[in-house]
Amino acid sequence: MLSEQEREAHRRFVQALQHEHLICARPGCGGAMEIADQTPHAARIKTYEATCERCHAAEKIAGREQASPPWDLASITMMAEVHLLHEQPACPYDETPITFISLPNPRRKARYRLLCYYCGRHAEMNWPPPEAKR
């Protein structure tokens, strides 16, 4: 069970991930925050630096890497089906929006990488799955 502080940190992370407007968390300020992505290229989790335009307070917003247990096949299939319905799939462990990246495939089959930038879980999948072709 997450504490109130952890839930708020996760909510701010999701806002930064989805490029939503963030407000300064300092009491009495309420200024808009400018967000810069500080994530290294090969990192599994995203890290942001938010700076208040009014009081210049800086805040580090980052995911918490937790790669185990990995997603099971049922979770991956469920996320893919939600994605195909043009809705936003979420990580079954922390409810963070999942990012789908289309991978190049020389045989013209659909291949995707699924990423959760909060917990660092990821998977690769072919679509349609082999059991759907029977």
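# Close-up views of a predicted model

**View 1. The sheet formed by β1, β2 and β3.** Three strands make up an open sheet in which the order is β1-β2-β3 and the pairing is antiparallel. The edges of this sheet are taken by β1 (33-37) and β3 (58-62), each of which pairs on one side only. Direction ignored, neighbouring strands of the sheet are turned against each other by 25 degrees on average. As in every view that follows, what is shown belongs to a predicted model.

**View 2. Strand β2 with β3, and the helix that lies across the sheet.** Strand β2, which covers residues 47-52, pairs with β3 in the antiparallel sense over 5 bridges, and one of the places to look for this pairing is Ala50, whose bridge partner in β3 is Glu59. Helix α1, made of residues 4-17, lies across β1, β2 and β3 and runs at about 90 degrees to β3.

**View 3. The sheet formed by β4, β5 and β6.** Here 3 strands form an open sheet in the order β4-β5-β6, again with antiparallel pairing. Because β4 (99-102) and β6 (122-127) stand at the edges and each has a single partner strand, one side of each is left without a neighbour in the sheet. From one strand to the next, the twist averages 25 degrees. Helix α2 (residues 73-84) packs on this sheet and touches β4, β5 and β6, while the direction of the helix makes about 65 degrees with that of β6.

**View 4. Strand β5 and its two partners.** Strand β5 (residues 110-115) pairs with β6 in the antiparallel sense over 6 bridges, and β4 pairs with β5, also in the antiparallel sense, over 4 bridges. On the β6 side, Arg111 stands opposite Asn126, Arg113 stands opposite Glu124, and Leu114 has Ala123 as its bridge partner. The strands β5 and β6 form a hairpin with 6 residues between them, and in the turn Gly120 has a positive phi of about 85 degrees.

**View 5. An aromatic pair between β4 and β5.** The count of aromatic pairs comes to 3, and among them is the pair of Phe100 and Tyr112, which is edge-to-face, with 6.3 Å from centre to centre and 70 degrees between the planes. This pair links distant parts of the chain, since Phe100 belongs to strand β4 and Tyr112 to strand β5, 12 residues apart.

**View 6. The largest pocket and its lining.** About 230 Å³ of space lies in the largest pocket. Its lining is made up of Leu2, Glu6, Arg7, His10, Arg64, Gln66, Pro69, Tyr93, Asp94, Tyr118, Cys119 and Arg121. Sorted by class, the lining of the largest pocket has 5 nonpolar, 2 polar and 5 charged residues.

**View 7. The second largest pocket.** The volume of the second largest pocket is about 200 Å³. Of the 13 residues that line the second largest pocket, Ala42, Ala43, Arg44, Leu115 and Tyr117 lie nearest its centre. By class, the lining of the second largest pocket has 6 nonpolar, 4 polar and 3 charged residues.

Terms used: Residues are numbered from 1 along each chain as its sequence is written. This is a predicted model: local features need pLDDT of at least 70, side-chain atom pairs count only at pLDDT 80 or more; totals for chains, interfaces and linings use all residues. Side-chain values use heavy atoms; hydrogens and water are left out. Two strands pair if DSSP finds at least two bridges between them. Helices (H or I, at least four residues) and strands (E, at least two) are DSSP runs, numbered from the N terminus. Axes are lines fitted to C-alpha atoms, for helices over the stretch in contact, and angles run from 0 to 180 degrees between N-to-C directions. Contact means heavy atoms within 4.5 Å. On a 1 Å grid over the protein atoms alone, a cavity is a set of points where a 1.4 Å probe fits but cannot get out, and a pocket is an open set with protein on both sides within 12 Å along at least five of seven lines; lining residues have an atom within 4 Å of a point. Grid points are joined across faces, edges and corners, and a volume is the space filled by probe spheres set on the points. Ala, Val, Leu, Ile, Met, Phe, Trp, Tyr, Cys and Pro count as nonpolar, Asp, Glu, Lys and Arg as charged, and the others, Gly among them, as polar. Rings of Phe, Tyr and Trp (its six-membered ring) pair if their centres lie within 6.5 Å; planes under 30 degrees apart count as stacked, over 60 as edge-to-face and the rest as tilted.
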